[in-house]
Amino acid sequence: MATDPSPQIPTRVNSRRSSNLIHPVDVETPPVGTPGPVVYREIKRFKKWIPWLIPAFVVANTVVFIITMYVNNCPKNSVSCIADFLGRFSFQPFKENPLLGPSSATLQKMGALDVKKVVDGHQGWRLITCNWLHAGVFHLLANMSSLLVIGIWLERDFGFILVGLLYIISGFGGSLLSALFIQSNISVGASGALFGLLGGMLSELITNWTIYANKVAAFVTLLVIIAINLAVGILPHVDNFAHIGGFLTGFLLGFVFFIRPQFGWVSQRYAPPGHSSSARPKFKKYQYILWVVSLILLIVGLTLGLVMLLRGVDANDHCSWCHYLSCVPTSRWSCNSEPAYCSSTQLGSQVNVTCSTSGKTTTYFLPGASNSQIQSLCSQQCS
């Protein structure tokens with residue numbers, strides 16, 4: 001059997017997706033005649049980063065939620081609360097907020113996505129701030145646990161700058177699509193940014209396809225995870241447009257941010273002195289094509305979406321079936337998510353609250369009822 005006399009480039013296989021990624025390293029060759037072990041120095045593009053930004057994002061989201069509950073002050077602004085022993089940190093009634101969280105009015109005050117305020121009030125900053133707010137404890141726990149699992153993996157491989165930008169831009173893209181289709185309700189949550197991380201993982205696998213082993217299994221597994229999470233979005237009171245917008249933004253950004261050089265190019269560049277081989281390109285042609293096309297689509301899509309939103313365009317007028325992407329009505333639930341409107345009359349300590357949607361009227365005995373308390377009663381009445 002013929003042997004190859006050319007020197008071999010040492011490689012080391014590091015764990016990526018279950019040890020699927022071949023991980024090249026630089027080799028520091030000792031002087032000729034000097035015995036000693038081969039010293040490995042990790043190549044920058046393939047090195048492991050210490051994740052700190054994603055944990056910081058989790059802490060920031062948690063702190064913002066605590067501040068939101070402090071501002072909410074349920075005992076003062078509502079007739080009844082859950083977990084009264086928490087004082088002003090207690091939660092709104094289940095009928096008003098089943099996620100154990102603040103009222104809609106408080107979320108709106110803290111920066112929730114409200115299309116009317118964005119368009120008419122020129123409060124475009126809500127497209128960003130809504131990603132740092134959560135509707136309740138359950139909402140916060142679900143998003144932050146997912147962020148830790150997905151985000152730390154990406155930050156360890158690609159660093160805090162790229163992953164941080166991916167998270168923020170994807171959140172903006174999710175808010176933008178949500179604002180174009182859901183214009184009667186407020187929206188909060190980091191789900192759009194989380195789906196952006198999932199989209200980035202998928203495009204990273206595609207653009208770096210040749211350096212992975214067991215790539216088909218990883219691809220199918222990732223698709224199933226994404227499909228299941230998007231399917232949950234068809235339930236009522238879930239903003240699936242934010243999920244879709246965040247996913248598409250992150251998917252395109254992944255082709256731009258997470259492109260890796262080919263193994264042959266890396267091996268050639270860091271070959272020992274005297275090693276000769278034919279020149280190999282740093283990236284494959286399909287990687288360049290995906291990079292350029294994705295960047296163009298991303299810039300055009302975000303710009304066009306922002307222009308449409310600021311002009312007051314309702315995307316539902318141009319797509320009569322798109323609302324089914326966010327909620328599919330069944331015999332078990334309705335997709336009617338119009339905000340609660342009520343009429344109220346007050347005579348002494350007697351307050352009559354009538355829900356404009358259902359026509360249901362209830363009488364409460366509440367001395368000196370404030371507007372926030374009546375609004376809380378309205379939310380419960382129409383739920």
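This is a predicted model: local features need pLDDT of at least 70, side-chain atom pairs count only at pLDDT 80 or more; totals for chains, interfaces and linings use all residues.

Reply: Residues are numbered from 1 along each chain as its sequence is written, and side-chain values use heavy atoms, with hydrogens and water left out.

Me: What describes two packed helices?
Reply: The angle between their axes and the distance between the axes.

Me: OK, at what angle do helix 8 and helix 9 cross?
Reply: Roughly 160 degrees, and the axes of helix 8 (residues 191–207) and helix 9 (residues 215–232) come within 10 Å. Axes are lines fitted to C-alpha atoms, for helices over the stretch in contact, and angles run from 0 to 180 degrees between N-to-C directions. Helices (H or I, at least four residues) are DSSP runs, numbered from the N terminus, as are strands (E, at least two).

Me: So how are helix 8 and helix 9 oriented to each other?
Reply: They are roughly antiparallel. Angles under 35 degrees count as roughly parallel, over 145 as roughly antiparallel, 65 to 115 as roughly perpendicular and the rest as oblique.

Me: Which residues of helix 8 make the contact?
Reply: F195, L198, M201, L202, L205 and I206 of helix 8. The partners on helix 9 include K215, F219 and N229. Contact means heavy atoms within 4.5 Å.

Me: What about helix 10 and helix 12?
Reply: Helix 10 (residues 240–257) and helix 12 (residues 285–310) pack at about 140 degrees, with axes 8 Å apart. Helix 10 and helix 12 are therefore oblique to each other. Among the contact residues are L252 and F255 of helix 10 and W291 and L298 of helix 12.

Me: Where does UniProt put "transmembrane region"?
Reply: The unreviewed entry lists several spans, including 132–154 and 288–310. UniProt positions are in the numbering used here, feature names are shortened, and annotations may be inferred rather than shown by experiment.

Me: How much helix is there over 132–154?
Reply: Residues 132–154 are 78% helix and 0% strand, with the end C-alpha atoms 20 Å apart. Residues 288–310 are 100% helix, and their end C-alpha atoms lie 33 Å apart.

Me: New topic. Is N97 buried or exposed?
Reply: N97 counts as buried because its relative accessibility is 7%. Buried means under 20% relative accessible area, exposed over 50%, partly exposed in between (1.4 Å probe, protein chains only).

Me: And where is N97?
Reply: In the loop between helix 2 (74–77) and helix 3 (104–110). Not counting residues up to four places away in sequence, N97 touches Q92, P102 and A135.
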